[in-house]
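Hi there,

Here is the structure I promised to pass on. Have a look at it first, and my notes follow below.

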Amino acid sequence: MVGNIITEFTNSRTRDMLVDAIKASSPAMPVTIVDVRWNTYYPLTGEYRPATFGSWLQEQGFNYVYYQRLGNPFKDMADVTEMERKYKEYAQSQIDFGLLVDGIIQGDGTFCLLCYCKPPKPCHRYWLQHLLLDSIAALHRDFKCRDGVGSSFKTLN
Ligand SMILES: [Zn+2]
């Protein structure tokens with residue numbers, strides 16, 4: 001089995017609102033929240049701090065992993081096209097990228113890439129989603145993307 005990949009965001013949402021949005025998409029279980037925020041101090045309520053957020057998610061029946069190094073260190077660049085190019089080059093050089101590809105290939109259910117940014121703001125989680133799909137497709141010839149909510153999927157053949 002290969003896990004499905006969706007994305008979500010925290011901006012302007014409480015933790016309950018986030019979990020409700022994920023559940024509303026009827027994700028295949030189990031759901032693993034893959035936190036890829038470079039900074040985790042937004043929102044400022046503290047409820048999204050990785051330590052407390054992770055244990056709270058586990059109480060809700062979700063898995064949680066935090067890959068800060070898959071966050072976007074170029075997020076303040078004005079040129080979005082250049083930011084995307086730099087991020088993709090950077091992300092694929094991170095060991096966490098390989099670990100995540102492995103986790104999804106060997107995993108089951110749904111993997112939800114989580115960042116702060118509310119659409120339509122450009123966010124690295126979509127670039128990361130496509131990088132992961134490309135890597136998994138290259139390793140798994142039979143891999144077909146399934147639809148996700150809040151995500152822009154491309155069809156892979
Ligand atoms: Zn983002």
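**The sheet and its surroundings**

In strand 3, V65 is the bridge partner of V34. Before I go on, please note that this is a predicted model, in which local features need pLDDT of at least 70 and side-chain atom pairs count only at pLDDT 80 or more, while totals for chains, interfaces and linings use all residues. Residues are numbered from 1 along each chain as its sequence is written.

A word on terms: helices (H or I, at least four residues) and strands (E, at least two) are DSSP runs, numbered from the N terminus. Two strands pair if DSSP finds at least two bridges between them.

The V34–V65 bridge partners belong to an open sheet of four strands, with the order 1-4-2-3 and parallel pairing. Its edge strands, each pairing on one side only, are strand 1 (4–9) and strand 3 (63–66). From one strand to the next, the twist averages 25° (axes are lines fitted to C-alpha atoms, for helices over the stretch in contact, and angles run from 0 to 180 degrees between N-to-C directions).

Going through the pairs, strand 1 and strand 4 (110–115) share six parallel bridges, and C115 is the bridge partner of F9. Strand 2 (residues 31–35) is joined to strand 3 by four parallel bridges and to strand 4 by five; in the latter pair, D35 stands opposite L114.

How many residues of strand 4 are buried? Six of the six are, so the strand is largely enclosed by the rest of the structure (buried means 20 or more other C-beta atoms within 10 Å of a residue's own, exposed 12 or fewer, and partly exposed in between, with C-beta atoms placed from the backbone). T110, C112 and L114 point one way, and F111, L113 and C115 the other.

Helix 5 (residues 124–139) lies across strands 1 and 4, at about 175° to strand 1 (contact means C-beta atoms, placed from the backbone, within 7 Å).

The loops are worth a look too. Between helix 1 (15–24) and strand 2 you will find P30, and the peptide bond from M29 to P30 is cis, with omega near 0°. That loop also holds S26, with a positive phi near 50°. S26 counts as exposed because it has 9 C-beta neighbours inside 10 Å.

Another cis peptide bond joins P119 and P120, with omega about 10°; P120 lies in the loop between strand 4 and helix 5.

Happy browsing!

Technical notes
Contact = placed C-beta atoms within 7 Å.
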